[in-house]
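Please read the points below alongside the sequence and the coordinates.

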There are 2 protein chains.
Amino acid sequence: MAVVSVQQALSGSVAPGKEVTVRGWVRTRRDSKAGLSFVNVSDGSCFAPIQVVAPADLANYEDEVKRLTAGCAVIATGTLVPSQGQGQGFELQATAIEVSGWVDDPETYPIQPKAHSLEFLREVAHLRPRTNLFGAVTRIRHCLAQAVHRFFHEQGFYWISTPIITTSDAEGAGQMFRVSTLDMANLPRTGKGEVDFSKDFFGKETFLTVSGQLNVEAYCLALSKVYTFGPTFRAENSHTTRHLAEFWMIEPEIAFADLNDDANLAEAFLKYLFKAVLEERGDDMAFIAERVQKDAITRLQAFIDAPFERIDYTEAVSLLQNSGHKFDYPVEWGLDLQTEHERWLTEVHVGRPVVVMNYPEQIKAFYMRLNDDGRTVAAMDVLAPGIGEIIGGSQREERLDVLDRRMAQFGLDPAHYQWYRDFRRYGTVPHAGFGLGFERLVVYTCGLANIRDAIPYPRAPGLATF
Amino acid sequence: MAVVSVQQALSGSVAPGKEVTVRGWVRTRRDSKAGLSFVNVSDGSCFAPIQVVAPADLANYEDEVKRLTAGCAVIATGTLVPSQGQGQGFELQATAIEVSGWVDDPETYPIQPKAHSLEFLREVAHLRPRTNLFGAVTRIRHCLAQAVHRFFHEQGFYWISTPIITTSDAEGAGQMFRVSTLDMANLPRTGKGEVDFSKDFFGKETFLTVSGQLNVEAYCLALSKVYTFGPTFRAENSHTTRHLAEFWMIEPEIAFADLNDDANLAEAFLKYLFKAVLEERGDDMAFIAERVQKDAITRLQAFIDAPFERIDYTEAVSLLQNSGHKFDYPVEWGLDLQTEHERWLTEVHVGRPVVVMNYPEQIKAFYMRLNDDGRTVAAMDVLAPGIGEIIGGSQREERLDVLDRRMAQFGLDPAHYQWYRDFRRYGTVPHAGFGLGFERLVVYTCGLANIRDAIPYPRAPGLATF
């Protein structure tokens with residue numbers, strides 16, 4: 001007996017009339033007056049469940065089939081036949097249905113065949129993949145992740161897994177999580193009474209990384225095109241709908257490259273990802289468009305079709321000041337753009353993605369390359385309709401003397417960054433890169449309102465129980 | 001002017017006679033008596049550097065070209081011509097060489113064109129990707145990672161990123177790193193004087209994960225075929241050459257599957273990976289075979305060609321006891337196999353990879369399925385010549401009553417695992433999976449002696465400076 005996935009059974013890749021077995025979990029059961037039952041079975045291989053038609057002459061029809069409820073696991077064998085129903089290609093005329101697992105107390109099973117609040121589902125994150133929405137989000141997330149790796153591979157990039165546990169703070173700011181094996185009930189102390197981190201696992205104070213950028217730069221200066229795709233951590237802002245304490249980040253870095261090359265890469269990259277989603281996950285995107293965000297498909301298509309606009313920060317400030325629009329936050333050269341400003345630029349002014357370039361040096365990180373005007377750095381933000389900033393990047397300061405001045409200005413200790421300074425002493429080249437939060441990409445693609453629904457298990461106060 | 005990678009220039013994909021620009025870092029420079037210089041330039045896109053022939057009539061020949069040393073960054077423009085030298089397809093007859101970055105004080109530049117000790121290179125992990133060995137390891141590592149994602153995608157698996165910060169200990173053992181934002185100099189205390197973790201970031205005590213398995217099982221029970229590929233952490237054994245404190249793990253999980261399905265998956269998976277390396281990274285593997293491990297290529301080929309043997313643990317113990325071989329560690333039913341036993345089985349007895357199955361229940365984890373004999377669990381280890389255990393896996397205990405008994409036996413609190421028990425109450429099915437350490441795979445593929453050389457930046461006491 002050939003075992004096939006629901007995706008294979010529905011897609012027509014199996015010859016009609018063939019006897020097959022499908023396995024999965026019951027979504028719904030409906031008993032017809034004609035004395036047979038229709039059992040919808042999902043195995044997660046695609047959005048749609050398959051309709052299993054169970055005739056009354058099955059040996060276990062009365063005892064088991066008619067007791068099936070949402071969540072029961074079944075193994076159904078029968079013949080694939082073209083479906084009479086709308087939308088479905090094929091259904092299974094069952095000759096046997098074996099129940100692999102029942103649902104204890106169906107009345108209290110958390111995943112009923114009805115709409116659940118997203119707040120409730122976050123509390124049962126281990127069961128939410130059984131819902132239509134989280135099945136779709138999981139498959140779309142997978143599709144995006146695959147496309148990330150495939151895009152870079154096709155372009156000649158190498159994947160670098162940068163350290164998770166680190167002693168350095170890539171941003172020169174940002175709340176970090178401490179990593180330690182010291183016995184907190186009985187901390188070792190130095191003679192001065194301070195916590196003695198020389199007794200800790202690594203012999204010094206260590207934290208969870210906030211970014212792999214500095215580390216991946218070293219590999220860029222040897223392999224030319226590299227990228228990270230790994231988890232990063234921020235111990236802040238975790239009560240908003242836009243921030244996660246634990247999230248995945250993608251950070252490509254290219255050598256012999258300037259800010260324009262960086263913007264070109266960002267544009268090609270995002271278009272490649274959204275194209276992959278529309279081509280490979282049409283079923284899940286149709287559900288998203290129907291239930292979550294009406295224009296989910298058309299806005300991705302528009303994203304792919306339109307060239308990105310590029311605007312200098314200085315020009316963006318003028319445009320905002322002369323827009324006649326009343327903003328909550330002030331617009332002034334030297335201040336960072338707020339989400340409302342970003343969204344006006346991309347949604348109202350241009351109507352498609354915009355790359356804002358060359359920001360004032362005092363509002364950007366120390367490693368960004370100082371422009372010849374001495375006032376701005378070669379930084380960029382990619383803004384997209386419906387979300388605002390989706391990518392942040394920069395050309396890096398490859399001149400050691402300028403970097404040292406910038407570090408001093410930010411109050412950073414050069415000794416702590418000796419290794420980062422090193423590859424600027426040894427064959428330095430112009431290089432650039434960007435970072436984007438993977439969950440932000442999932443949020444945007446799936447039209448989600450809360451970033452906690454874009455990761456398999458959200459980490460936040462009260463949500464770290466798994 | 002077309003900019004091409006060294007890989008493109010050498011591969012013949014650019015028409016000979018075409019004017020191109022290559023960019024990279026100098027490996028060596030040799031000045032001929034005929035008044036020209038040969039500069040080998042690497043950009044990391046492939047193993048080989050390209051030979052750039054610099055004639056004396058270049059404007060900067062005396063001032064710059066003749067001062068180039070290892071590590072200098074150059075941009076060379078010229079014509080691609082078939083090479084006179086052995087092995088090389090093409091060389092670049094330069095019409096211009098621009099120096100992008102010099103090396104400060106070439107005498108003390110750590111990466112000289114000579115062999116370096118691996119110990120020394122671990123101390124300069126930010127520069128070691130510029131060596132032949134770490135360039136090769138990085139590209140092979142990338143190739144393996146891509147093949148991991150591609151294999152699972154082609155087989156209909158979905159990638160799940162399981163939590164890094166967690167409250168649960170998947171193994172019921174293992175030293176974990178604590179993650180905290182509490183001020184260690186001034187810890188909050190409960191009335192009883194204990195550290196008050198309710199004041200910590202997540203409102204409870206949290207750790208770095210040792211495995212994503214338990215979490216990914218929940219997704220398996222909804223999407224049927226899933227896998228993790230992410231970092232895991234162990235705060236132990238970090239002083240050996242076989243363990244890392246921070247390493248990447250791959251954990252597939254399949255529903256409606258038993259231990260045989262699991263072993264089949266492991267075999268197909270490993271063969272797919274090694275095939276990808278031999279097909280895609282022949283250049284790097286040739287270097288590995290020449291300099292690191294003589295049989296590096298032939299043993300991967302043998303791995304692909306031969307079917308894996310399967311032996312029951314009980315039979316393996318008999319074989320070892322009757323082998324006539326004197327082992328350092330005792331061999332007795334009920335004891336775990338040591339590396340020397342594993343290597344005898346796979347190298348001496350069978351001469352190819354072996355799957356040892358059905359281990360005594362008391363030496364394996366609580367989640368492994370109890371066999372009908374009541375003495376063994378459906379666990380497997382895949383052993384390979386030259387390394388021993390490379391994969392460990394099991395069928396999971398899907399029966400809640402048996403799981404609860406096993407948890408009690410291991411002294412685990414069922415309340416703490418309520419969510420893990422849950423999906424055994426709701427449509428449980430036989431399921432199985434395995435785990436393999438990604439760096440162990442890199443060690444095996446590249447013939448490395450120390451696992452710290454298999455990850456871009458090793459994390460260990462004294463090696464967490466980046």
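**Note on the chain B and chain A interface**

1. B:Arg425 forms a salt bridge with A:Asp104, their closest N and O atoms lying 3.7 Å apart, where a salt bridge is a side-chain nitrogen of Lys or Arg within 4 Å of a carboxyl oxygen of Asp or Glu. The count between chain B and chain A is 2 salt bridges.

2. This is a predicted model, in which local features need pLDDT of at least 70 and side-chain atom pairs count only at pLDDT 80 or more, while totals for chains, interfaces and linings use all residues. Residues are numbered from 1 along each chain as its sequence is written, chains are lettered from A in the order in which they are written, and side-chain values use heavy atoms, with hydrogens and water left out.

3. In contact terms (heavy atoms within 4.5 Å), 105 residues of chain B meet 106 residues of chain A. The area buried between the two chains is about 9,000 Å², with 62% from carbon and sulfur atoms; buried area is the accessible area (1.4 Å probe) that two parts lose on being put together, summed over both. B:Met184, B:Phe256 and B:Tyr426 supply 9% of the area that chain B buries against chain A, more than any other three residues.

4. Strand E9 (residues 178–180) of chain A pairs with strand E9 (residues 178–180) of chain B in the antiparallel sense over 3 bridges, strands being DSSP runs of at least two residues and pairing requiring at least two DSSP bridges between them. Within this pairing, A:Ser180 stands opposite B:Arg178.

Conventions: Helix = DSSP H or I, 4+ residues; strand = E, 2+ residues; numbered from the N terminus.
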